[in-house]
Amino acid sequence: MMLSFMLTDNDNPIRLCRHCTKAFVANRPSAVFCSPWCKNKYNVYKSRSKDKKE
Ligand SMILES: [Zn+2]
């Protein structure tokens, strides 16, 4: 068996989280965050930088 094949299973692609850059298994093809928590944090930072315009 090839280990590299098992690590890159099409059903469980390994991704790097956009927020914490941690490696995780994406449940969906469009997943970019390792958890809802990271998605939440990322969006908070984004909206905060917008508010800085004051
Ligand atoms: Zn993350």
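Helices (H or I, at least four residues) and strands (E, at least two) are runs assigned by DSSP and numbered from the N terminus. By that count, the protein has two helices and two strands, and they turn up along the sequence in the pattern α-β-β-α. It's a predicted model, so to speak of local features a pLDDT of at least 70 is needed, side-chain atom pairs count only at pLDDT 80 or more, and totals for chains, interfaces and linings use all residues. Residues are numbered from 1 along each chain as its sequence is written.

The protein averages 82, and 72% of the residues score at least 70. Among the elements, strand β2 (residues 23-25) comes out with the highest mean, 94, while helix α1 (residues 3-7) has the lowest, 57.

Next up is burial. A residue is buried if 20 or more other C-beta atoms lie within 10 Å of its own, exposed if 12 or fewer, and partly exposed in between, with C-beta atoms placed from the backbone.

Two residues make handy examples. Thr21 sits in the loop between β1 (14-16) and β2. Thr21 isn't a glycine, yet its phi is positive, at about 60°. Thr21 is exposed because it has 9 other C-beta atoms within 10 Å. Asn43, meanwhile, belongs to helix α2 (residues 36-51). Asn43 has 12 C-beta neighbours inside 10 Å, so it counts as exposed. Along the chain, Asn43 and His19 are 24 residues apart, and their C-alpha atoms are separated by 9.4 Å.

Note on methods
pLDDT is the predictor's confidence in each residue, from 0 to 100.
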